[in-house]
Amino acid sequence: MLLRNEELEAIKKETGFSHSQIARLYKRFTTLDKEENGTLSREDFQRIPELAINPLGDRIISAFIPDGEDQVNFRGFIRILAHFRPIDAKSKDGNGSEPLNSRINKLRFAFQLYDLDKDDKISRSELLQVLHMMVGVNIPDEQLGVIADRTIQEADQDGDGAISFTEFVKVLEKVQIEQKMSIQFLD
Amino acid sequence: MLRAALPLLGLPLAGAGAAEEPTQEPGSWGEPPPGLTLFRWQWHEVEAPYLVALWILVASLAKIVFHLSRKVTSLVPESCLLILLGLVLGGIVLAVAKKAEYQLEPGTFFLFLLPPIVLDSGYFMPSRLFFDNLGAILTYAVVGTLWNAFTTGAALWGLQQAGLVAPRVQAGLLDFLLFGSLISAVDPVAVLAVFEEVHVNETLFIIVFGESLLNDAVTVVLYKVCNSFVEMGSANVQVTDYLKGVASLFVVSLGGAAVGLVFAFLLALTTRFTKRVRIIEPLLVFLLAYAAYLTAEMASLSAILAVTMCGLGCKKYVEANISHKSRTAVKYTMKTLASCAETVIFMLLGISAVDSSKWAWDSGLVLGTLFFILFFRALGVVLQTWMLNQFRLVPLDKIDQVVMSYGGLRGAVAFALVILLDRTKVPAKDYFVATTIVVVFFTVIVQGLTIKPLVKWLKVKRSEHHKPTLNQELHEHTFDHILAAVEDVVGHHGYHYWRDRWEQFDKKYLSQLLMRRSAYRIRDQIWDVYYRLNIRDAISFVDQGGHVLSSTGLTLPSMPSRNSVAETSVTNLLRESGSGACLDLQVIDTVRSGRDREDAVMHHLLCGGLYKPRRRYKASCSRHFISEDAQERQDKEIFQQNMKRRLESFKSTKHNICFTKNKPRTRKASRKKDGVANAEATNGKPPRDLGFQDTAAVILTVESEEEEESDSSETEKEDDEGIIFVARATSEVLQEGKFSGSLEICPSPRIIPPSPTCAEKELPWKSGQGDLAVYVSSETTKIVPVDMQTGWNQSISSLESLASPPCTQAPTLTRLPPHPLGTEEPQAPLDLSSDPRPSFAFPPSLAKAGRSRSESSADISQQQELQPLMGHKNHTHLSPGTANSHWCIQFNRGGRL
């Protein structure tokens with residue numbers, strides 16, 4: 001175990017993962033880290049075979065790697081993963097700040113996958129790109145465009161032709177994000 | 001003859017009498033002369049099917065009667081009412097025949113009544129929800145049922161050992177375990193019947209309901225194992241038998257599921273090739289599903305599991321393959337059969353209870369059983385939930401657990417199983433029968449009655465039907481991908497990993513194999529949702545159109561704000577429909593595929609909204625049903641629409657634009673647009689600048705969706721463009737326009753035929769055939785822009801004047817300049833409306849065509865004389881009166897705005 005104790009505590013506090021979960025994730029982290037330099041590069045992620053066939057794989061890899069850098073360390077890695085921890089009643093207290101796995105943060109993560117230029121808006125072209133990735137070749141571009149239009153129209157409240165984060169949250173308010181954006185982390 | 005008819009009449013109530021009667025009949029039949037008889041009474045030959053049909057009829061009628069009162073059905077579940085009705089009917093039969101005649105036969109129940117219900121629930125199971133909660137469902141179904149069976153059986157045995165059960169109940173531990181195994185299983189029929197009226201949240205429902213379906217395998221195994229142990233005698237049971245019992249659990253459940261999946265595969269594969277024989281598609285679905293059931297039953301596997309799996313597995317492919325009419329047929333038939341079977345089951349349950357010869361009462365046993373099943377159910381649920389909550393993402397809270405324990409209803413399966421017991425092997429059978437009846441009645445009636453108030457009182461999260469939105473669908477897909485990716489990164493292969501894997505496998509191989517190529521190509525969930533939404537919009541759009549027609553206040557949606565239109569005008573029908581996961585498995589209307597809905601709505605619209613041609617109108621009138629003024633109203637409406645149509649065509653003349661309603665613009669639409677652009681190009685003038693005299697006439701082409709749908713059979717989906725209005729200049733019209741000006745089109749009270757060919761070939765004012773169908777599509781009425789509203793009201797008011805006798809003051813007014821473009825503009829609309837309206841009249845040519853109304857011939861001649869007075873450019877031989885000039889002003893204004 002290469003993690004120092006205080007670091008472990010800090011991670012625990014920040015992410016809410018249990019001791020054994022962190023240990024497990026750290027093990028996974030080192031397995032992925034082929035260069036053994038304590039960070040994961042884009043190539044490290046791309047080596048995961050299933051990720052290569054995930055339509056949103058590249059987007060998700062990008063989400064792991066912080067802006068302006070090309071690698072992610074364990075702290076960053078586990079912080080991203082913390083978004084997907086199931087919401088438990090106890091994590092509400094803490095130090096007043098929103099826990100990483102809160103509903104809003106889960107949504108924020110998904111939102112950022114769409115929002116490439118980080119202007120806090122999903123524009124039509126951004127939406128179209130994601131649609132292209134997810135739908136594949138079965139549906140012609142024209143129809144995708146129509147879908148994108150319609151999607152934006154549906155969510156757009158202020159009429160700026162793009163989906164802002166508030167609109168994004170609003171449009172998904174009926175969806176059980178707690179369930180649909182959580183996975184079970186093994187101990 | 002009378003004697004023979006008597007029993008038949010008395011049949012539904014005193015069927016037993018009917019059964020006895022025939023023994024005396026031969027005597028009375030001996031009288032007719034030998035040889036050819038004119039009339040022969042052959043009750044015996046039709047007896048069995050006749051009785052079946054009558055029972056179903058009685059049950060259905062009872063259903064109708066129950067639903068007459070909304071108050072009763074909102075308080076009391078239908079299943080309770082049916083059981084009570086069965087009790088009453090059984091009592092009457094018993095009183096009349098002195099013996100109980102009818103009852104729920106296990107054979108009938110398992111072979112005929114149960115399969116449709118299970119198929120229905122399997123087929124319409126919200127599969128995503130089901131698999132999302134599969135872990136919980138399986139736990140409750142397997143562990144829960146085993147727990148219930150053993151604890152209940154053991155506790156009852158303990159009760160007997162303690163001396164609380166009368167010694168006349170001769171049963172050992174094995175007998176009690178056998179009884180426990182049959183009484184412990186939650187019954188799908190009862191759960192469905194009660195829960196579908198309660199509307200608890202989806203997760204809760206799917207857990208209880210899924211459990212009731214899947215526990216069949218456990219029940220069957222337990223029942224069979226215990227039964228054979230009892231028959232063997234407890235002394236002869238060896239260790240290997242126990243092991244065999246455990247093994248048979250796996251064989252029965254997995255075997256049943258496998259049989260179901262094999263048949264699902266066959267079914268999907270078969271429907272792939274039914275393109276030319278669409279008519280048998282629904283039949284195939286039923287046949288193969290039933291074959292799955294029978295096959296599993298034959299191999300003593302879990303038949304319920306088999307047919308559930310068959311329905312669950314085949315749905316995706318079958319729905320993609322079969323035509324949408326078949327889809328509707330499948331759905332309705334399935335619902336009808338299931339509802340019918342359910343009704344009969346509950347009624348027969350009530351009737352069977354009356355037969356006192358079959359059961360024997362023991363208070364200790366009955367009360368003990370009631371207490372134990374409730375207690376152990378609750379205890380089991382709490383324990384299992386605690387265990388499950390360690391793994392669940394969203395834990396089940398206490399309220400959920402209460403509902404789950406209370407919702408553990410027992411039903412007809414238990415009853416049928418207990419009837420099947422062999423009295424020689426199980427001496428306490430009669431006591432068990434009585435106890436089962438009481439338990440079933442208690443759970444269905446008492447718990448069924450109280451669960452609704454309980455759910456309300458506990459404030460259990462209810463299911464909410466919300467419209468699926470494109471955003472939701474799209475983002476949920478994104479979530480799935482994200483979660484799958486995160487699981488990959490974390491490196492543990494959980495649920496999402498396998499889901500993702502399955503979907504890829506399905507896409508790559510299964511769908512390719514099982515779906516028609518055309519269906520496969522256009523198959524995409526996001527697109528599907530989009531398609532459904534589109535149809536919903538189209539309907540609400542048309543719906544809105546309907547309102548526009550009937551109301552005098554012209555509330556037209558302006559074009560860009562289509563969203564708000566959809567929100568405000570969606571009818572109740574649409575609002576409640578279309579939720580992605582509807583749990584009410586018995587209700588047809590809640591989940592409709594877009595096409596069904598479209599079908600239904602279109603049908604109703606057409607039925608109610610189509611104008612009747614005169615001949616049919618007369619025929620159906622019959623004085624009693626349609627009031628005198630209906631004809632008048634129809635004429636008025638048609639006239640109004642014609643007016644509007646003219647306004648529109650005027651509008652398009654003015655702007656020379658194409659109205660494209662709804663967003664969808666497929667290639668076709670864009671092609672159309674090109675055409676328009678060309679037309680504009682040939683005009684060579686920017687549309688806005690044109691004074692309307694100079695504008696080339698433009699004919700409004702209405703393309704209806706249906707037209708396009710009909711000519712493309714394969715790719716139904718690609719045609720789902722919205723209603724598109726295209727204003728298109730045609731060469732003929734252009735020529736016409738050169739000398740006659742556009743005024744011809746707009747103010748003439750003629751109809752502009754909807755079909756482009758008509759419009760192009762035979763312009764109505766050229767040919768004398770005035771009887772071109774008075775056809776107005778409701779869509780067209782909608783595109784009258786708001787700024788034309790005043791103009792429209794004008795025409796309405798002038799139309800209303802039709803009713804009043806024609807006035808002869810017209811000439812004074814016709815002196816108004818016919819083209820008062822700039823000069824007349826300042827005139828206020830109020831002024832116009834105060835103008836004497838009677839001056840407006842139908843043109844002579846129209847009268848010639850036989851569509852004249854009340855104008856006198858003098859009127860006509862007057863109008864004809866007036867012709868020369870009309871403007872210099874107005875060559876119309878039609879006779880626009882003063883009303884015309886009003887319109888001109890209005891149009892003009894509208895155009896400039």
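This is a predicted model: local features need pLDDT of at least 70, side-chain atom pairs count only at pLDDT 80 or more; totals for chains, interfaces and linings use all residues.
1. Basis. Local features need pLDDT of at least 70 and side-chain atom pairs count only at pLDDT 80 or more, while totals for chains, interfaces and linings use all residues. Residues are numbered from 1 along each chain as its sequence is written, chains are lettered from A in the order in which they are written, and side-chain values use heavy atoms, without hydrogens and water.

2. Interface size. About 5,100 Å² is buried between chain A and chain B, with 63% from carbon and sulfur atoms. Buried area here is the accessible area (1.4 Å probe) that two parts lose on being put together, summed over both. In chain A, the residues that lose the most area to chain B are A:R150, A:Q153 and A:I183, together 13% of what that side buries. The contact (heavy atoms within 4.5 Å) takes 55 residues from chain A and 55 residues from chain B.

3. One salt bridge crosses between chain A and chain B. The rule asks for a side-chain nitrogen of Lys or Arg within 4 Å of a carboxyl oxygen of Asp or Glu. B:E476 and A:K180 meet in a salt bridge at 3.5 Å, N to O. On the side of chain A that touches chain B, helix α9 (residues 141–155) gives the most, with nine residues. Helices are DSSP runs (H or I, at least four residues), numbered from the N terminus.

4. Aromatic pairs. Rings of Phe, Tyr and Trp (its six-membered ring) pair if their centres lie within 6.5 Å; planes under 30 degrees apart count as stacked, over 60 as edge-to-face and the rest as tilted. The count is 32 aromatic pairs over all chains. B:F371 and B:F375 are stacked, 5.6 Å centre to centre with 10° between the planes. Both lie in helix α17 (residues 363–389) of chain B, four residues apart, about one turn of the helix. Buried means under 20% relative accessible area, exposed over 50%, partly exposed in between (1.4 Å probe, protein chains only). B:F371 is exposed because its relative accessibility is 52%. B:F375 has 40%, so it counts as partly exposed.

5. Aromatic cluster. In chain A, A:Y26, A:F29, A:F45, A:F64, A:F74 and A:F77 form one aromatic cluster.

6. A buried valine. B:V440 lies in helix α20 (residues 429–458) of chain B. B:V440 counts as buried because its relative accessibility is 1%. Leaving out residues up to four places away in sequence, B:V440 touches B:L349, B:R410 and B:G411. The C-alpha atoms of B:V440 and B:I183 are separated by 8.9 Å, though these residues are 257 residues apart along the chain.

Terms used:
Helices (H or I, at least four residues) and strands (E, at least two) are DSSP runs, numbered from the N terminus.
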